[in-house]
Amino acid sequence: MNIKNLIMGFSFLFLACQTTPMADLTPNAVIPSKKLITYQQMEFIGFIHFTVNTFTDKEWGYGDESPEIFNPTALDVEQWARTAHAAGMKQLILTAKHHDGFCLWPSQYTEHSVKNSPYKGGKGDLVGEFVAACKKYDLKAGLYLSPWDRNHKDYGTPAYITYYKNQLEELLTQYGEINEIWFDGANGGDGYYGGANEIRKIDRDTYYGWEDIIAFVKNLQPNIKIFSDAGPDVHWIGNEKGFAGSTFWSTIKTDRLTIGSSKTDYLNTGDPEGTKWIVGQCDVSIRPGWFYHADQDSLVKTPQQLADIYYKSVGRNALLLLNLPPDKRGIIHENDVKALTEFKAIIDASLATNLAKRQTASANNYRSKHSKFAPQNTLDADPMTYWATDDDVFPAALEIDMKENTIFDRIMIQEPIHLGQRISRFEVDIMGSNGWKNIFKGTTIGYKRILRISKVKTNKIRLRVKAANNTVAISNIGLFESSSKEVSQ
Ligand code: FUL
């Protein structure tokens, strides 16, 4: 074959490949990394607050507690992990060190730890036991290491930063993979500080040298997710009630964030103009306190309150981080386990059966009329497949025909977030006896939005996206009838 024939052959092949024009969607400028998508897909995770405070009945230990008081009588780390797993959590985060400075692992850099406690005769290592229990119950393990340390004599000086980094190094090199590290925003104030008993204030912007600490952590555990009220991977939602804003963007402007003093309203809604993808996390305790207090045994949140929190966190494009504080025995109290078990049963009953599955979806437009963007992709439960329109089609309308009248009161909608978060205004209509009737007007959707509406009976539902920052794409739609137990019986 001469060179001319070869070129003609290639040109023919090239043209043949072009016969089905299909313009792929342009991803947004800000998209999540694969590891943040996997993180978001966990949806529901748990917190374990346990330390000397459990034994002193305090929320914030002063730092002068004797390690002798840390003496759980029936500690069972596996009960924590079993309880979390049974509730559907995908990760647990343990307070390896809270503000009192007491370490749940035998750190070589301090005497203020389990090694000087009666627990296992000073031979215990709760961080190690916790990580092993998480592994056994298929949970990711995360650790909380309070930056503020009311015990340490050097707190407030550069020497403490060296101490803090040494502790991070112990935690991130001795226990295998740690999926998340939690940096709390409470910082500086009065404390024991090695016997000084004084107030120590720090400059939140400069003292810790966060940039350096973040790089240090990532170097030790490249896959770790770092939480603080300013990210860089996961950010606080701005309250401790477990509620994300009903408008919630996963994008945010980092120059408006400072660890320890970010504006709570801003954290609660995110920012459509945001330049960085940081996943929102809603932390809340199953009890009024973060630590166990016997006088709160009757104040455990009800299964219905927990379900409400679930809809306001997971149902608003964020993660739910629910705290389960072990008691003085070292186990999660029976009342908490009961509430959690009933909560899980309610959510399962409410969201188990997708009434839209195997129904028919159609749309006013779908991109290039190509099956890759077909409306039916919204009913396959796969977060990677989606319906998308041609560019600039507003409203973008997707209709699901159930053929028969169907009763539902929960609507789940997902965007394919690997392409970014796009939708900023949408409406939902149902077919009534006089035609379409609007039943919901909303703003953001994101990874997952679950709408709670009054029960309706209809054979057709329609989603109309009225505004978005890019071409409209929806990955999944679900219709559900909630359990009657969502409301207190
Ligand atoms: C707060 C802390 O001060 C609380 O004690 C608790 O650990 C909570 C999760 O974060 O900022």
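How many salt bridges does the structure hold? The total is 28 salt bridges, and the model in which they occur is predicted. Side chains of opposite charge can pair when their charged atoms come close. The stops below visit some of these pairs.

**First stop: Lys372 and Asp24.** Select Lys372 together with Asp24; these residues form a salt bridge in which the closest N and O atoms lie 2.5 Å apart. The pair links distant parts of the chain, its two residues being 348 residues apart. To place Lys372, display the loop between strand E13 (360–363) and strand E14 (387–388). For Asp24, display the loop between helix H1 (3–17) and helix H2 (34–41). With a surface shown, Lys372 is partly exposed, because its relative accessibility is 34%. Asp24 also counts as partly exposed, because its relative accessible area is 41%.

**Second stop: Lys153 and Asp154.** Next, select Asp154 and Lys153, a salt bridge whose closest N and O atoms are 3.2 Å apart. Lys153 has a relative accessible area of 54% and is therefore exposed.

Move on to Asp409 and Arg410, which form a salt bridge with 3.9 Å between the closest N and O atoms. Are these two residues, Asp409 and Arg410, buried or exposed? Both are buried, so each has under 20% relative accessible area.

Finally, select Glu427, Asp429, Arg462, Arg464 and Lys466 together. Salt bridges link these residues in a network.

How values were computed. Residues are numbered from 1 along each chain as its sequence is written. This is a predicted model: local features need pLDDT of at least 70, side-chain atom pairs count only at pLDDT 80 or more; totals for chains, interfaces and linings use all residues. Side-chain values use heavy atoms; hydrogens and water are left out. A salt bridge is a side-chain nitrogen of Lys or Arg within 4 Å of a carboxyl oxygen of Asp or Glu. Helices (H or I, at least four residues) and strands (E, at least two) are DSSP runs, numbered from the N terminus. Buried means under 20% relative accessible area, exposed over 50%, partly exposed in between (1.4 Å probe, protein chains only).
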